[in-house]
Amino acid sequence: MAKNIHHTGAGPSQRQLRVGELIRRTLSDVLNRGDIHDPDLNRMSITVGEVRVSPDLKIATAYVLPLGGQGREDALAILRRNKSELRRAISKQMSLKYAPDLRFVLDETFDRMDETRRLLNQDSVRRDTESRRSDEEE
């Protein structure tokens, strides 16, 4: 397999990022419009936070979360059950050589942000950050 001379970093390439964002938008539109013929899926409001694509663009991992965070496992099960129909709907709207295999994972970004805010609001942490600021200003 040929080595990509333009991308030597450890992170995703520009193509992976572009394709991932395109899949995210398309998947969000499909879910929002209710194009899939599953009443359980159409009843849910699902946020697609990010889609990461493998280097060969054949696997797309979608980080999803139901609105309000309620019924997370049910939402994953419903999405996985409709994976082939979602893949078909996405491939119709995109012009890729191969329709990527979709995988769904819970998006825990919001949980991590809440935990970070909680930690930063603790008195001991606030004192430490304020004392560092005052030391740097001197």
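Two strands count as paired if DSSP finds at least two bridges between them, and the helices (H or I, at least four residues) and strands (E, at least two) are themselves DSSP runs, numbered from the N terminus. With those terms, Arg52 has Thr61 in strand 2 as its bridge partner. The model is predicted, so local features need pLDDT of at least 70 and side-chain atom pairs count only at pLDDT 80 or more, while totals for chains, interfaces and linings use all residues. Residues are numbered from 1 along each chain as its sequence is written, and side-chain values use heavy atoms, with hydrogens and water left out.

- Three strands form an open sheet of mixed pairing in the order 1-2-3, whose edge strands, strand 1 and strand 3 (101-106), each pair on one side only.
- The twist from one strand to the next averages 30°, where axes are lines fitted to C-alpha atoms, for helices over the stretch in contact, and angles run from 0 to 180 degrees between N-to-C directions.
- Strand 1 (residues 46-53) pairs with strand 2 (residues 59-66) in the antiparallel sense over seven bridges, and Ile46 stands opposite Pro66 of strand 2.
- The hairpin of strand 1 and strand 2 has five residues between the strands, and in this hairpin Leu57 takes a positive phi near 65°.

**Helix packing**

- Helix 1 (residues 14-33) and helix 4 (residues 83-93) have axes that come within 10 Å and cross at roughly 120°, which makes helix 1 oblique to helix 4 (under 35 degrees counts as roughly parallel, over 145 as roughly antiparallel, 65 to 115 as roughly perpendicular and the rest as oblique).
- The contact (heavy atoms within 4.5 Å) is made by Ile23, Thr26, Leu27, Val30, Leu31 and Arg33 of helix 1 together with Leu86, Ala89, Ile90 and Gln93 of helix 4.
- Helix 1 also lies across strand 1, strand 2 and strand 3, running at about 155° to strand 1.

**Salt bridges**

- The whole structure contains nine salt bridges, each defined as a side-chain nitrogen of Lys or Arg within 4 Å of a carboxyl oxygen of Asp or Glu.
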